[in-house]
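Here's a quick look at how a few helices pack against one another. Two packed helices are described by the angle between their axes and the distance between the axes.

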Amino acid sequence: MARRNQPRAQRRSEGTPTSDSFQNLATRTGLGAPNINAASQYAFSPVSRNRIQMEYAYRSSWIAGQAVDTVAEDMTREGIELKGDIKPDEMEELERQAGVLRIWDAICENVKWARLYGGSIAVMLIDGQDISTPLVPDTVTKGQFKGLLVLDRWVVQPTLQDVITTFGPEMGRPRFYDVVADAAGLQAMRIHHTRVVRMDGVDLPYWQRIAENGWGQSVLERLWDRLIPFDSATEGAAQLVYKAHLRTYKVKGLREIISSGGKAFEGLVKQIDMIRKYQSNEGMTLMDAEDEFEAHSYTFSGLTDVLMQFGQQISGALSIPLVRLFGQAPAGLSGNHEGEIRNYYDGVKEQQEKKLRTGVRSVYDVLYRSTFGNAPPENFDIDFRPLWQMGDEQKANVAVQVTSAVSQAHDSGLISRATALKELRQSGQKTGVFTNITDEDIEEAEDEPPPVPGELGAVPGEDPAGGGPGEEQADPENEEGGAPVRPGAQKAG
């Protein structure tokens with residue numbers, strides 16, 4: 001009786017199962033209904049496994065090349081800033097050695113092949129050490145580090161049966177990488193995982209990663225079904241140019257002339273050749289009174305919008321703004337793109353922290369030991385330089401602010417003159433100011449005696465004469481009772 005008194009909608013909801021998707025079987029709409037859309041599905045098309053196809057796409061399609069190169073080059077474009085108790089001259093020497101050994105070129109190449117193939121490694125080449133043994137940083141002596149050798153996933157074979165079992169972030173990764181016989185270097189050798197900087201492409205779930213021999217997938221795989229329509233539309237537009245101006249010529253009894261051949265057909269061909277020869281903006285078209293000649297022009301309206309939509313889908317698939325991917329703002333898009341670029345740079349920063357930080361720090365740890373012959377300081381670390389570069393006006397403002405802060409710290413006695421010079425010299429990497437401070441200037445400042453109370457940079461304290469901090473004392477030699485003189489100040493004249 002109680003159920004009969006309930007509203008009909010409430011009774012229907014209690015007895016009818018519901019689902020999250022919309023269906024209307026009467027109109028055949030919704031997933032699961034007998035319509036065309038319900039027959040759609042996602043197919044398994046692992047194009048990453050087709051190495052030659054990936055290489056052909058990278059070589060021949062500029063969009064594929066941009067998809068691989070743009071992020072890799074932006075991730076390695078500005079390098080790093082060294083942190084810790086490192087002298088400015090040591091920082092400069094490390095940067096110089098990194099340039100000599102082409103460290104960042106190799107890291108960029110490692111990122112590129114990881115994005116193209118799905119995986120790559122960069123091997124640390126340490127002279128005199130067995131690359132199949134674990135890397136012990138303390139054993140690296142001066143001059144041993146010779147750079148990085150990049151090997152993509154198709155020239156190394158990870159040991160999937162021998163994986164790392166120690167608890168940590170590397171657990172489950174291959175312990176060794178076997179190099180194939182026809183690689184560019186280290187042929188048929190086994191490399192211990194501690195000696196490589198590994199990069200993966202697009203991360204995959206466990207079983208898919210196993211199917212890819214432990215690697216990720218190419219960034220082009222997700223893009224494939226959008227890359228082909230974009231290139232097809234572009235090529236189709238190019239072909240339409242040849243059809244942009246069509247001309248038709250009607251000849252009475254053309255079929256009979258062609259079928260009979262002979263002089264009648266030869267005469268027709270000569271007539272058409274003559275028309276083609278003299279038909280110009282200054283010429284004249286001669287034809288029989290019963291013939292008809294027409295010109296048909298073709299318009300390309302709507303084609304730009306189609307190409308733009310394909311380009312936007314590629315941009316979204318790669319998370320690269322249109323203005324960065326295509327090198328310019330596409331036609332029809334105006335305004336300031338600073339926000340898009342900043343968001344893109346934030347994504348690049350995330351990729352740097354996620355995929356580069358550990359490997360790059362290990363490389364610079366070895367580079368430091370090889371350059372100076374000793375271990376780096378305990379607080380040694382790295383920071384990736386921001387991709388967004390300051391303009392001249394911004395650099396000038398930052399230089400003024402840094403100079404003011406350093407001067408105040410020095411005047412209050414918080415830092416010495418030598419430390420102030422080091423801070424100004426280090427800030428010159430960003431601002432371009434104070435870059436001419438030399439090591440000799442810093443050494444001379446370190447040899448200076450500490451300032452006495454009352455001098456510039458002295459720590460405020462009590463005056464030896466008994467006055468309080470900063471208290472003005474009368475000059476005993478000032479017979480005329482002139483203005484008081486601060487402690488430590490010299491009398492003029």
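## α2 against α3

In this predicted model, helix α2 (residues 51-60) and helix α3 (residues 62-76) have axes that cross at roughly 100° and come within 5 Å. Angles of 65 to 115 degrees count as roughly perpendicular, so that's what α2 and α3 are to each other.

Who does the touching? On the α2 side we have Ala57, Tyr58 and Ser60, and on the α3 side Trp62, Ala64, Gly65, Val68 and Asp69. By type, the residues of this α2 and α3 contact split into five nonpolar, two polar and one charged.

## α3 against α5

Next up is helix α5 (residues 103-117), whose axis comes within 9 Å of the α3 axis, with a crossing at roughly 145°. The crossing of α3 and α5 is right-handed.

From α3, the residues involved are Ala67, Val68, Asp69, Val71, Ala72, Glu73, Met75 and Thr76, and they meet Trp104, Ile107, Cys108, Val111, Lys112, Arg115 and Leu116 in α5. The tally for the α3 and α5 contact is 10 nonpolar, one polar and four charged.

## α3 against α12

Helix α12 (residues 338-372) also packs on α3, at an angle of about 75° and with the axes 10 Å apart. That makes α3 and α12 roughly perpendicular.

Here α3 brings Thr70, Val71, Asp74, Met75 and Thr76, while α12 brings Tyr344, Val348, Gln351, Gln352 and Leu356. The α3 and α12 contact residues come out as five nonpolar, four polar and one charged.

How values were computed: Residues numbered from 1 in each chain as written. Predicted model: local features only at pLDDT ≥ 70, side-chain atom pairs only at ≥ 80, totals over all residues. Heavy atoms only, no water. Axes fitted to C-alpha atoms, helices over the stretch in contact; angles between N-to-C directions. Helix = DSSP H or I, 4+ residues; strand = E, 2+ residues; numbered from the N terminus. Parallel < 35°, antiparallel > 145°, perpendicular 65-115°, else oblique. Contact = heavy atoms within 4.5 Å. Nonpolar A, V, L, I, M, F, W, Y, C, P; charged D, E, K, R; others polar. Left-handed = near helix turned anticlockwise from the far one by under 90°.
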